[in-house]
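Keep both open and look up each residue as you go.

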Amino acid sequence: MYIEMLTIVVQEGYAEQVAARFTAPAEVEKAEGFLDLSVMAKRPSKGEQEVIVMIRWASEAHWKAWEVSEPHLEGHRRERERGKPPFVVSSRSATYAVQATKGPAGAE
């Protein structure tokens with residue numbers, strides 16, 4: 001499994017707007033190897049709020065194929081044309097190869 005984590009810092013009160021954007025129907029859901037997407041919001045602090053978007057892929061190869069796909073590139077072109085929303089303070093992305101997972105004791 002391979003995970004992409006997007007960390008987006010927004011002005012307080014905008015976390016729900018970011019969550020709505022990432023959970024709306026999108027091309028990524030149709031991508032081969034896409035497993036799921038979760039959006040988490042940290043409690044506001046000093047007028048800002050951190051939002052984490054976790055996208056799980058079956059493998060690094062699936063994620064790489066999505067990164068160079070036309071739907072993904074077109075989405076980023078549209079975002080550049082619109083510009084960064086004024087409520088976004090900063091953002092960064094990181095990827096992780098899952099080394100191990102653990103579930104409840106006794107689960108098969």
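Helix α3 gives the largest share of the lining of the largest pocket, 8 residues. This is a predicted model, in which local features need pLDDT of at least 70 and side-chain atom pairs count only at pLDDT 80 or more, while totals for chains, interfaces and linings use all residues. Residues are numbered from 1 along each chain as its sequence is written, and side-chain values use heavy atoms, with hydrogens and water left out.

**The largest pocket**

- The space in the largest pocket comes to about 1100 Å³; a volume here is the space filled by probe spheres set on grid points, which are joined across faces, edges and corners.
- A pocket is an open set of points on a 1 Å grid over the protein atoms alone, where a 1.4 Å probe fits and protein lies on both sides within 12 Å along at least five of seven lines; lining residues have an atom within 4 Å of a point.
- There are 33 lining residues in the largest pocket, and those closest to its centre are Leu6, Arg21, Phe22, His76 and Glu79.
- Two or more lining residues come from each of β1, α1 (15-23), α2 (60-67), α3 (70-82) and β4 (88-97).
- Helices (H or I, at least four residues) and strands (E, at least two) are DSSP runs, numbered from the N terminus.
- Sorted by class, the lining has 15 nonpolar, 8 polar and 10 charged residues. Ala, Val, Leu, Ile, Met, Phe, Trp, Tyr, Cys and Pro count as nonpolar, Asp, Glu, Lys and Arg as charged, and the others, Gly among them, as polar.

- Leucine 6 is found in strand β1 (residues 2-11), and it counts as buried because its relative accessibility is 16%. Buried means under 20% relative accessible area, exposed over 50%, and partly exposed in between (1.4 Å probe, protein chains only).
- Beyond its neighbours within four places in sequence, leucine 6 is in contact with Phe22, Val51, Ile52, Val53, Ile55, Arg92 and Ser93; contact means heavy atoms within 4.5 Å.
- Threonine 7 is in strand β1 too, and with a relative accessible area of 9% it is buried.
- Not counting residues up to four places away in sequence, threonine 7 touches Glu50, Val51, Ile52, Ser90, Ser91 and Arg92.

**Rings and a charge**

- The model has 4 aromatic pairs. Rings of Phe, Tyr and Trp (its six-membered ring) pair if their centres lie within 6.5 Å; planes under 30 degrees apart count as stacked, over 60 as edge-to-face and the rest as tilted.
- Phenylalanine 34 and tryptophan 57 have ring centres 5.7 Å apart and planes at 75 degrees, so this pair is edge-to-face.
- Because phenylalanine 34 lies in strand β2 (residues 34-41) and tryptophan 57 in strand β3 (residues 48-57), the pair ties together parts that are 23 residues apart in sequence.
- Phenylalanine 34 and tryptophan 57 are both buried, and Phe34, Trp57 and Trp66 form one aromatic cluster.
- Arginine 21 lies over the face of phenylalanine 22, at 4.5 Å from the ring centre. A charge sits over a ring if NZ of Lys or CZ of Arg is within 6 Å of the ring centre and within 35 degrees of the ring normal.

**A loop residue**

- Lysine 46 is in the loop between β2 and β3, and it is exposed, with a relative accessible area of 84%.
- Although lysine 46 is not a glycine, it has a positive phi of about 55 degrees.
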